[in-house]
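Visitor: Hi, I'm new to this one. Can you put it up and walk me through it?

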Amino acid sequence: PGQQKTFKRKRSLINWPFWKGSSTQLDSLPLSPSLLSPTQGRLFGQPLNSVCSSDQGLPKPVMEMLVFLYQEGPYTKGIFRRSAGAKACREFRDRLDSGTEEPEITHQSVFVIAAVLKDFLRNIPGSILSVDLYEQWMDVMEGEGEETRLPAVQRLLHLLPSENLLLLRHVIAVLYHIQGSAHDNQMNAFNLSVCIAPSMLWPPTPSTPEMEGEATKKVQKICPLVCFIVFWFTKV
């Protein structure tokens, strides 16, 4: 991905900023992104509690993708927004999902890694933020001001399964780190949330046309919700 770096690299040790205690693009969002990729392997589409835990940590391929994006994302314009080749993404995903080989992450385009990470998130059963808490997450965005929303976010995060919260901490750390260089990569917290929010939460499957219409309206709140979490997660 050398051609994407148009400004001076600032190498530093990875320092996760949260390790302490506990638009138009939205108009066409699918109501249940996990239905887009029905095939399952050893990694994609599996329940989080079967592939990671607070004791054993995240799966190695997922952790390597996060570290790579933490290192390269801040120096890549349009990270998570620019598309990657479908064939390259499919081949890389299949290699990760087969579990028979460990492809070299650093040999991949940063845009392929970003796309495959989103695909992984999109295929988490129930979503990383939990569809069971969907209505409560939507209620968070009804509150006005940080004083109201932040305690509500804290409460809901404590309701997430430990493996969901573990992965969420790493994902948000990467996004937070990337938006810190928004003046160079053009990806502030809002731009990042537009790209990745549909992979982090979606409404429960509607059972009637009326429920589907209501869910379509509510799904537009997911983007500002994720944007809020990215910006304030270090305070949670």
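**Salt bridges and a helix**

Guide: Arg 122 and Asp 119 sit 3 residues apart, about one turn, in helix H4 (helices are DSSP runs of H or I, at least four residues, numbered from the N terminus). This is a predicted model, where local features need pLDDT of at least 70, side-chain atom pairs count only at pLDDT 80 or more, and totals for chains, interfaces and linings use all residues. Residues are numbered from 1 along each chain as its sequence is written, and side-chain values use heavy atoms, leaving out hydrogens and water.

Visitor: How far apart are the closest N and O atoms of Arg 122 and Asp 119?

Guide: They are 3.3 Å apart, in a salt bridge (a side-chain nitrogen of Lys or Arg within 4 Å of a carboxyl oxygen of Asp or Glu).

Visitor: And which residues join into one network?

Guide: Arg 93, Asp 119 and Arg 122, through salt bridges that share partners. Arg 93 and Asp 119 meet at 2.6 Å, N to O. Arg 93 is in helix H3 and Asp 119 in helix H4, so the pair ties together parts 26 residues apart in sequence.

Visitor: Is Asp 119 buried or partly exposed?

Guide: Asp 119 is buried, at 11% relative accessible area, while Arg 122 is partly exposed at 21%. Buried means under 20%, exposed over 50%, partly exposed in between (1.4 Å probe, protein chains only).

Visitor: New topic: what's buried in H2?

Guide: Val 62, Met 65, Leu 66, Phe 68, Leu 69, Tyr 70 and Glu 72. Their cover includes H3, H4 and helix H7 (162-179), with contact meaning heavy atoms within 4.5 Å.

Definitions and conventions: Helix = DSSP H or I, 4+ residues; strand = E, 2+ residues; numbered from the N terminus.
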